Amino acid sequence: MKTRKHDTHWMVGVALMAAIVVLLANTPLGMIQLPIIKATTVHIPVILGAILFGPLAGSILGGVFGICSMVSNTVAPTLLSFAFSPFVAASNSGTLGALKALWIAVGCRVMIGLVAGWLWIGLKKVKAPDLIALPIVGFVGSMTNTAFVMGSIYFLLAAQYAQAKQVAITAVYGLVMGTVTGSGVMEAIAALVLVTAI
């Protein structure tokens with residue numbers, strides 16, 4: 001695969017995908033509010049952008065997704081907003097909490113585009129057909145979001161998560177794995193279908 005120059009075509013493409021991310025992030029289609037957490041479909045254009053324009057573009061789009069998530073959790077906080085808004089986290093646990101929330105909200109979302117973009121490049125290098133490569137990248141890109149976000153919550157904010165859910169800290173692992181295997185797998189299957197279809 002030839003190295004793409006970051007020309008006008010690339011910049012316009014990334015800007016259009018970023019606009020789709022912002023649109024989805026600010027409508028019910030992009031972040032479906034559930035009782036405890038927001039189920040996301042915003043990662044779909046991040047994955048598509050990584051496939052179409054490369055890992056750097058995917059990382060930028062993931063960053064846009066993360067910023068939208070951070071704003072949403074700051075403006076309309078939920079039970080777990082301390083994990084996604086550095087402003088909510090800072091009011092609860094200071095600068096360290098804010099940095100953790102910034103990583104979860106933005107850093108984890110940047111990883112979606114990075115992983116999806118490099119996986120697509122790798123699959124194309126081994127000449128995987130599109131009908132095999134696209135669903136794999138869609139599924140793995142979505143699971144990257146779930147695994148990084150929920151893994152970071154478990155490793156960085158287990159005590160706060162336990163307190164928010166009103167459970168013992170020993171129950172956090174089971175709750176995190178329940179989210180990963182429950183909504184995370186469903187989001188990944190949706191991504192597999194949508195990325196392949198689009």
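Which helix gives the largest share of the nonpolar patch? The legends below begin with that patch. The model is predicted: local features need pLDDT of at least 70, side-chain atom pairs count only at pLDDT 80 or more, and totals for chains, interfaces and linings use all residues. Residues are numbered from 1 along each chain as its sequence is written, and side-chain values use heavy atoms, with hydrogens and water left out.

**View A. Nonpolar surface patch with residues from helix H6 (172-197).** Helix H6 supplies the largest share, three residues. Phe139, Met186, Ile189 and Val193 make up the patch, about 360 Å². Patch residues have over 30% relative accessible area and no salt bridge, and nonpolar side chains (Val, Leu, Ile, Met, Phe, Trp, Tyr) are joined within 5 Å. Valine 193 lies in helix H6 and is partly exposed at 48% relative accessible area (buried is under 20%, exposed over 50%, partly exposed in between; 1.4 Å probe, protein chains only). Helices are DSSP runs (H or I, at least four residues), numbered from the N terminus.

**View B. Packing of helix H2 (residues 43-53) and helix H3 (residues 55-75).** Their axes are 7 Å apart, at an angle of about 160 degrees. H2 and H3 are therefore roughly antiparallel (angles over 145 degrees).

**View C. Lysine 127 in the loop between helix H4 (86-125) and helix H5 (130-165).** Phi of lysine 127 is positive, near 60 degrees, in a residue other than glycine. Lysine 127 is exposed, with a relative accessible area of 70%.

**View D. Glutamine 166 in the loop between H5 and H6.** Glutamine 166 is not a glycine, yet has a positive phi of about 60 degrees. Its relative accessibility of 74% counts as exposed.

Terms used:
Patches are made of residues with over 30% relative accessible area and no salt bridge: like charges are joined within 9 Å, nonpolar side chains (Val, Leu, Ile, Met, Phe, Trp, Tyr) within 5 Å. Accessible areas come from the Shrake-Rupley method with a 1.4 Å probe; for residues, only the protein chains shown count as cover. A salt bridge is a side-chain nitrogen of Lys or Arg within 4 Å of a carboxyl oxygen of Asp or Glu. Helices (H or I, at least four residues) and strands (E, at least two) are DSSP runs, numbered from the N terminus. Axes are lines fitted to C-alpha atoms, for helices over the stretch in contact, and angles run from 0 to 180 degrees between N-to-C directions. Angles under 35 degrees count as roughly parallel, over 145 as roughly antiparallel, 65 to 115 as roughly perpendicular and the rest as oblique.
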